[in-house]
Amino acid sequence: MGVVTALVRSSFLVNAVYAQSSREFGLPPQQGQLLCVLMPQPYGMSELGAMLGLAKSSLTGLVDRTAQRGLVRREPDPRDARAVRVALTEEGRLLVDEFYEATCRAIDVLPAGLDGPDRARLAELLGRVVSDNEVPAVFMEADEVADAAR
């Protein structure tokens, strides 16, 4: 299998697991993504739009729907009185912590057929692809989430 086919198929595989995990927690996948992005800290709407690749109107609708569920809230931006940031509520924090852990467990079993060195090499190579393409941190390592939250 070539690299293009392997990357596209692996993307479908991860998306399917992510969608299944979202369903198990009663979340549309985009709400799950939004909650995961907000784990380390609140973000402004323009930052969220760039990270999630959403137009302003789509992001506004996503934030509105997630806020209606009590999972996020809008708060004033301390750096710009005209702007707002989106932050997790306590309910959102509790849900995303569980969702994140369950999603990590489900994705972690995907390369179960690889031994330790092959898993490490896969992580290294995929990490380089992600870094080289400057992919936003829409899903972080557990230690990154803890560090950013401090």
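Analyst: Helix H2 (residues 29-38) is largely enclosed by the rest of the structure, because seven of its 10 residues are buried. Buried means under 20% relative accessible area, exposed over 50% and partly exposed in between, with a 1.4 Å probe and protein chains only; helices (H or I, at least four residues) are DSSP runs numbered from the N terminus. This is a predicted model, in which local features need pLDDT of at least 70 and side-chain atom pairs count only at pLDDT 80 or more, while totals for chains, interfaces and linings use all residues. Residues are numbered from 1 along each chain as its sequence is written, and side-chain values use heavy atoms, with hydrogens and water left out.

User: Which residues of H2 are buried?

Analyst: H2 is largely enclosed. Its buried residues are Gln 31, Gly 32, Leu 34, Leu 35, Cys 36, Val 37 and Leu 38.

User: Is Cys 36 buried or exposed?

Analyst: The relative accessible area of Cys 36 is 3%. Cys 36 is therefore buried.

User: How many disulfides does the structure hold, and how far from Cys 36 is the nearest cysteine sulfur?

Analyst: A disulfide is counted when a pair of cysteine sulfur atoms lies within 2.5 Å. A search of the whole structure finds zero disulfides. Cys 36 is in none, and the nearest cysteine sulfur belongs to Cys 104, at 7.7 Å.

User: What is the orientation of H2 and H4?

Analyst: Axes are lines fitted to C-alpha atoms, for helices over the stretch in contact, and angles run from 0 to 180 degrees between N-to-C directions. The axes of H2 and helix H4 (residues 56-68) come within 10 Å and cross at roughly 85 degrees. Angles under 35 degrees count as roughly parallel, over 145 as roughly antiparallel, 65 to 115 as roughly perpendicular and the rest as oblique. H2 and H4 are therefore roughly perpendicular.

User: Which residues of H4 make the contact with H2?

Analyst: Contact means heavy atoms within 4.5 Å. On the H2 side, the contact is made by Gln 30, Gln 31, Leu 34 and Leu 35. On the H4 side, the residues are Leu 62, Val 63, Arg 65 and Thr 66.

User: What is the orientation of H2 and H3?

Analyst: H2 and helix H3 (residues 45-52) pack at about 120 degrees, with axes 11 Å apart. Gln 33, Leu 34, Val 37 and Leu 38 in H2 meet Leu 48, Met 51 and Leu 52 in H3. The two helices are therefore oblique.
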